[in-house]
Amino acid sequence: MGSASAKEGWSSRSAFILAAVGAAVGLGNIWRFPTLAGENGGGAFVLVYVAFVLLLGLPLVLAEITTGRIGQTDAVGSVREVADRSNASKGWSITATLGTIGAFLILSFYSVVAGWVLYYAGVMGGELVSAIGRGDPLGGAFAGESIDQIQARLGGLLGDWKMLLAMHALFMGVTWFVVSRGVHAGIEKAATILMPIFFALLVGITIYGAFAGNFEEATAFLFTADFSKLTPQVMNEALGQALFSLSLGVAGLITYGSYIKQKGGLGGTAATIAMADTGVALIAGLMIFPIVFGAGLDPAGGPTLVFQALPVAFQSMPGGALIGLLFFLLIFVAALTSSVSLLEVPTAWGKGEMKWTRFTSATIFGIGAFGLGVFALLGYNVLADVRPLGFWGLFENADILDTIDGFTGKIMLPVGVMILSIFIGWKADQKMMKAATGLSNGMFALWRFLIAWLCPVAVGLVLLFGLFPGLLG
């Protein structure tokens, strides 16, 4: 448990890829992507989202990983190292500072929402035990309950601050345990165990949904592009989701990149991470929407799709109790691998900049994020009338959790990503970057064009429309 990040590293390139995919794959893929696809008309949104991943997400993933590998320390120190070697101002490290603060803030509410997942996993576990007790292990969940009763469970949970607190504490405790054990014994070990389980569950439930649900209607919804629905607002949502889904702007990939000890180009590694993350989002759509359409539910159900609509579907589906349990375990695994990367970012900063031990740093930031999360969960009940940024039109109706989510997602992350793309595209030494990425001359020229020109403009538009949604009409 030394104080230098350089003492820790991935045992292999495949271990790094699993951990990085785990960092990127989270609630953004399983919960947020289907929600946005449902709200924004399906196919056209999906097409634009994939295009943004290729044109913006992939170049930025490569930029973050490369910065980390060159720096070999925490995110702030790594950007400072790249700036130093490029004879640029060390003030550019502000991009990583924003990311580190953003990761800490996001972890605080991410753990609260992941607590909902834990709660529903427990509920579905109870439903499976009940089904087995009735002599029908492949029966549906919530036997004898009305649709209103099933959907009311989420409201009941949000009103119960003690249950929310217990679930939040349990999830944050597991996250802290993994991070405190270190890169090799904690993060890498968790990723190499959990990610194969995640992919097995994802594919298994998708195959089940294809037979038990309405797969034909789901594929038509997801992959038939109705360009009449392609408004500036939808395009803005798609670009924001591409950044959010790949965990860009929170300095996680810079931090994980700093633990790469292996030689060789990073272009293929970055492409693998971006494609795996996008593939998971698309498969998540193919997992969820056949179940939604098969049960006759509204695909535009919004953020409650996973917590209110799907439990209704699990009532009527064969094997619904079992599938429901596996589904929420799947989301738990995705949430955990992402929360681990969110806690690792400030933990690495504490080690690299403050010279704390890993245990001390993980504990300080784990407790801090937990404490902030307590206020977020109380915003649904005891502090339901509190609007932290109520004086600002953009957040006037946002509760505590939505305020933290909105402020990080609409302001901090886009600003951080925009500064990073300008820094890497215009200020970083290009010979050094080319050597570190391992790209050919032609691919490096294309990558630099996308980073230097397209990324700042596109992310600047996300920032502009995020702050001034009225501009989109």
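Contact here means heavy atoms within 4.5 Å. By that criterion, and not counting residues up to four places away in sequence, Trp349 touches Asp74, Val76, Thr100, Met354 and Phe365. The structure is a predicted model, in which local features need pLDDT of at least 70 and side-chain atom pairs count only at pLDDT 80 or more, while totals for chains, interfaces and linings use all residues. Residues are numbered from 1 along each chain as its sequence is written, and side-chain values use heavy atoms, with hydrogens and water left out.

The overall fold comes first. The protein has 18 helices and zero strands; helices (H or I, at least four residues) and strands (E, at least two) are DSSP runs, numbered from the N terminus. For 473 residues, a compact globule would have a radius of gyration near 23 Å, and the 22 Å found for the protein agrees with this. That radius is taken over C-alpha atoms, and the globule rule is 2.2 Å times the number of residues to the power 0.38. The C-alpha trace spans about 70 × 50 × 45 Å along its principal axes. Of the contacts with a separation of 6 or more, 80% are between residues 24 or more positions apart.

The accessible surface comes to about 17300 Å², and carbon and sulfur atoms account for 67% of it. Accessible areas come from the Shrake-Rupley method with a 1.4 Å probe, and for residues only the protein chains shown count as cover. Buried residues make up 58% of the 473 residues, where buried means under 20% relative accessible area, exposed over 50%, and partly exposed in between (1.4 Å probe, protein chains only).

Charged groups are the next topic. The protein has 24 positive and 26 negative charges, whose mean positions are 16 Å apart. In this count Lys and Arg are positive and Asp and Glu negative, with His and the chain ends not counted; the place of a charge is taken as NZ of Lys, CZ of Arg, CG of Asp or CD of Glu. Side chains of opposite charge can pair when their charged atoms come close. The structure holds six salt bridges, each defined as a side-chain nitrogen of Lys or Arg within 4 Å of a carboxyl oxygen of Asp or Glu.

One of these salt bridges joins Arg358 and Glu8, with the closest N and O atoms 2.8 Å apart. The pair links distant parts of the chain, 350 residues apart: Arg358 is in helix H15 (residues 358–378), and Glu8 is in the segment before helix H1 (13–24). Both Arg358 and Glu8 are buried. A salt bridge of 2.7 Å between the closest N and O atoms connects Glu145 with Arg153. Glu145 counts as partly exposed because its relative accessibility is 21%, and Arg153 counts as partly exposed at 22%. Salt bridges that share partners also join Glu8, Glu344, Lys351 and Arg358 into one network.

Within helix H4 (residues 75–85), Arg85 and Glu81 lie four residues apart, about one turn of the helix, and their side chains meet in a salt bridge (3.0 Å, N to O). Arg85 is partly exposed at 46% relative accessibility, and Glu81 is partly exposed at 28%.

Glu64, in helix H3 (residues 43–71), gives another picture. Glu64 is buried yet has no salt bridge, and the nearest side chain of opposite charge, Arg69, is 14 Å away. Leaving aside neighbours within four places in sequence, the contacts of Glu64 include Leu248, Gly249, Ile254 and Leu420.

Three further residues complete the survey. Trp349 is in helix H14 (residues 320–354) and is partly exposed, with a relative accessible area of 27%. Trp349 and Asp74 are 275 residues apart in sequence, yet their C-alpha atoms are 5.1 Å apart in space. Leu305, in helix H13 (residues 305–316), is buried, with a relative accessible area of 1%. Not counting residues up to four places away in sequence, Leu305 touches Pro34, Ile288, Phe289, Val292, Asp298, Pro299 and Leu310. Gly267 lies in helix H12 (residues 267–294) and is buried, with a relative accessible area of 18%. Leaving aside neighbours within four places in sequence, Gly267 is in contact with Leu62, Thr437 and Leu439.
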